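Visitor: I would like to learn how to read strand pairing and helix packing in a model. Could we go through some cases?

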Amino acid sequence: MLDNSALRALPSVDQTLNIPVIVEAVGRFGRRAVTTAVRNVLDERRQDIRDGGSLPAIALITASVLDRLQGEERSNLRPLFNLTGTVLHTNLGRAILAEAAISAAVDAMREAAALEFDLDTGRRGERDDHLRALLCELTGAEDATVVNNNAAAVLIALNTLGAGREAIVSRGELIEIGGAFRMPDIMARAGVTLVEVGTTNRTHAKDYRAALRAGTGLILKVHPSNYRIEGFTAEVGGRDLAALAREAGVPLLNDLGSGTLVDLSIYDLAKEPTVRETVAEGADLVTFSGDKLLGGPQAGFIVGRKDLVAAINRNPMKRALRVDKIRIAALAATLKLYRDPDRLADRLPTLRLLARKEPEIAAVARRLQPLVAALLGPTRSVEVCACRSQIGSGALPIDTLPSAGLRLRAADGHALNRLAADLRALPRPVVGHIKDDAIVFDLRCLEDEPAFLQSLAALPPNGMA
Ligand SMILES: *Cc1c(COP(=O)(O)O)cnc(C)c1O
């Protein structure tokens, strides 16, 4: 039954705004935010009374308003501890940047910068000028440009080379990257007709040859970064495909996906084709990401033949896909680190974390185990465990890295899910992964142990709601 007296007794927005704690909140959160929060809380309470609830105490109303304001102020994009074991986690923002890149980006944000202005001549410059020479030096390519991400790089390269014509691709390379990036869809949007050749597991040079005709715009090779076909397989290597393309007079576009600038085997990681090798094999254009193995901000690079890069720069799509000064600053600073390979793994977090050895991580786990156990209390157990990290973002999907971590168990599944939720709700959330009725923290990406312990200390007391 509707309690009209309770509805009438609910304070108005104006009355609530005059309660001292709410007046104080205006100083902290701003008038508009507080008014909106008050209105929403009162609306909810009114609905609650209509649904049969009783009149809430004033203190409860003001507490809800403050809760709501605090929640709104805390960004969902706040820093967190990535203990998932996936170093380049797309959902957690992929690469974390080198200090040099961070300070370059901050400088670019704070002041005007010569983004498209040549300081030598005083004339107009190009934003690509900040990266072109570095990219050419590091990849051996003739020319280079940069766009929003690698998906955009593939899109504009396909559109420039093949709009209204055909692109020949092996059936074994028609990949889906995730997040709805499917090669056939991108081709359609680029205005390119897909010509599939070969079979899922085997494609030969003769398959490409048979598909070549007057309407062929390009041959596309895609590095199948996120899966691997094993067993009875055949593909045409980059060098042979380049020779075939040259013979036919069509360009070869090689989408490397992650694309690394260094030989990862130096760091005991599995070998990925480097951009330099791919250029040297004769690909006319090579595309790769900025925020995967390269360890920079989101970006897509296109390197290769000068005439083709020039054609890409003339494509009106380029304007829609360009990157801003903040990212250009961070990219240039990241690329510069590659000029000093000896110190690269110290300075570039992505490589530093990937190169971290299991014994070092296991030592961290042993050191933290008793401290974490003490913070989690007696009803939850914490043990050191072995685990395997992944590079992530589709790079080297099969080659996991030996790592170590902590395995957390709780009384039952409900308590475990509650713990996972509490960890996510921390001021600096801790994100692990749930496996075999336990939360596993892979400690490969944990570098600031004191901050981690401090974060855990803010967990709600054990057993409380
Ligand atoms: C990751 C990837 C892409 C997409 O790159 P983004 O930088 O995520 O846009 C395209 N092609 C391949 C082969 C990839 O691995």
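Visitor: In which sense do S12 and S13 pair, and over how many bridges?

Guide: This is a predicted model. In it, strand S12 (residues 433-435) pairs with S13 in the antiparallel sense, over three bridges.

Visitor: What lies between the strands of the S12 and S13 hairpin?

Guide: Two residues lie between these strands, and Asp436 in this hairpin has a positive phi near 50°.

Visitor: Is S13 buried or exposed?

Guide: Five of the five residues of S13 (residues 438-442) are buried, so the strand is largely enclosed by the rest of the structure. Ala438, Val440 and Asp442 point one way, Ile439 and Phe441 the other way, and all are buried.

Visitor: Now the helices. How do H4 and H5 cross?

Guide: Two packed helices are described by the angle between their axes and the distance between those axes. For H4 (residues 31-50) and H5 (residues 58-73), the axes come within 9 Å and cross at roughly 130°. The two helices are therefore oblique to each other, and their crossing is right-handed.

Visitor: Which residues meet there?

Guide: H4 contributes residues including Ala33, Val34, Ala37 and Arg45, and H5 contributes residues including Leu60, Ile61 and Arg68. The residues of this contact of H4 with H5 divide into ten nonpolar, two polar and three charged.

How values were computed. Residues are numbered from 1 along each chain as its sequence is written. This is a predicted model: local features need pLDDT of at least 70, side-chain atom pairs count only at pLDDT 80 or more; totals for chains, interfaces and linings use all residues. Side-chain values use heavy atoms; hydrogens and water are left out. Axes are lines fitted to C-alpha atoms, for helices over the stretch in contact, and angles run from 0 to 180 degrees between N-to-C directions. Helices (H or I, at least four residues) and strands (E, at least two) are DSSP runs, numbered from the N terminus. Angles under 35 degrees count as roughly parallel, over 145 as roughly antiparallel, 65 to 115 as roughly perpendicular and the rest as oblique. A crossing is left-handed if the near helix is turned anticlockwise from the far one by less than a right angle, and right-handed if clockwise. Contact means heavy atoms within 4.5 Å. Ala, Val, Leu, Ile, Met, Phe, Trp, Tyr, Cys and Pro count as nonpolar, Asp, Glu, Lys and Arg as charged, and the others, Gly among them, as polar. Buried means under 20% relative accessible area, exposed over 50%, partly exposed in between (1.4 Å probe, protein chains only). Two strands pair if DSSP finds at least two bridges between them.
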